[in-house]
Amino acid sequence: MTKWLNVGKIVNTHGIQGEVRVISRSDFKEERYQKGNELSLYNPEQDHRLVVTVVSWRQHKQFDLLTFEGYSNVNEVEPLRDYLLQVDADTIDDDLAEDEFYYHEIIGLDVVDINQGHIGKVKEILSPGANDVWVVQRLKGKDVLIPYIENVILKVDLSEKQVTVEIPEGLMDE
């Protein structure tokens, strides 16, 4: 049985030439959305899956804009709204640098602060700009947004399923 990884979601169309607006959850967009790559589109409400080939990719504001082979106008891509972009987990390259991780490896890890102890679990990763931001769901209280920078994320231990952090003062509201 294939394990599918979500790498984005089509949230709207863009223009009339068949571009779709995607909120991406992909770790390596330049590689993932490269011209000629295949993506699986999945609609969970209809349990419908189809495979598309990327023709173009560009970034616009906080969105990724993609076009697919065989979809050349807005009327053809309109039905794809709310589809998830997915890739087969078995096709993921495991040759990453020591300090690089795939999003799916990080999501679900326990987050432990060196001063405050267990904080919660990573539930999402955002890519707003200069660095990623890890959204940590706490047992009580609001989610914590932790920037993925060297002096905050001290250690990622995939075998222990734990991230060790040092939260800067004032970053966590009670």
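Which residues is Leu50 in contact with, leaving aside its neighbours within four places in sequence?

A: The structure is a predicted model, in which local features need pLDDT of at least 70 and side-chain atom pairs count only at pLDDT 80 or more, while totals for chains, interfaces and linings use all residues. Residues are numbered from 1 along each chain as its sequence is written, and side-chain values use heavy atoms, with hydrogens and water left out.

Leu50 is in contact with Leu39, Ser40, Leu41, Tyr71, Leu80 and Tyr83, once its neighbours within four places in sequence are set aside; contact means heavy atoms within 4.5 Å. Leu50 belongs to strand 4, residues 48-60. Helices (H or I, at least four residues) and strands (E, at least two) are DSSP runs, numbered from the N terminus. Leu50 counts as buried because its relative accessibility is 16%; buried means under 20% relative accessible area, exposed over 50%, and partly exposed in between, with a 1.4 Å probe and protein chains only. Between the C-alpha atoms of Leu50 and Val77, which are 27 residues apart along the chain, the separation is 13 Å.

The wider setting is as follows. The chain has three helices and twelve strands, and its C-alpha atoms fill a box of roughly 55 × 30 × 30 Å, taken along the principal axes. Of its 174 residues, 40% count as buried. Among contacts between residues at least 6 apart in sequence, 50% join residues at least 24 apart.

Another buried residue is Thr164, with a relative accessible area of 19%. Thr164 lies in strand 12, residues 162-165. Not counting residues up to four places away in sequence, Thr164 touches Val112, Ile114, Val152, Ile153, Leu154 and Lys155.

The side chains of Asp157 and Lys155 meet in a salt bridge at 3.9 Å, N to O; a salt bridge is a side-chain nitrogen of Lys or Arg within 4 Å of a carboxyl oxygen of Asp or Glu. Lys155 counts as partly exposed, at 47% relative accessibility. Side chains of opposite charge can pair when their charged atoms come close. The structure holds six salt bridges. One of them joins the side chains of Lys29 and Asp64 at 3.2 Å, N to O. This pair links distant parts of the chain, with Lys29 in helix 1 (residues 29-32) and Asp64 in strand 5 (residues 63-68), 35 residues apart. Lys29 is buried, with a relative accessible area of 14%, and Asp64 counts as buried at 0% relative accessibility. The side chains of Glu78 and Arg81 also form a salt bridge, at 2.9 Å, N to O. Glu78 is partly exposed, with a relative accessible area of 35%, and Arg81 is partly exposed, with a relative accessible area of 31%.

On the surface, Glu30, Glu31, Glu98, Asp99, Glu100 and Glu150 gather in a patch of negative charge. Patches are made of residues with over 30% relative accessible area and no salt bridge, like charges being joined within 9 Å and nonpolar side chains (Val, Leu, Ile, Met, Phe, Trp, Tyr) within 5 Å. Lys and Arg count as positive and Asp and Glu as negative, whereas His and the chain ends are not counted. Glu150 sits in the loop between strand 10 (144-147) and strand 11 (153-157), and Glu150 is exposed, with a relative accessible area of 74%.

Notes
Accessible areas come from the Shrake-Rupley method with a 1.4 Å probe; for residues, only the protein chains shown count as cover. The place of a charge is taken as NZ of Lys, CZ of Arg, CG of Asp or CD of Glu.
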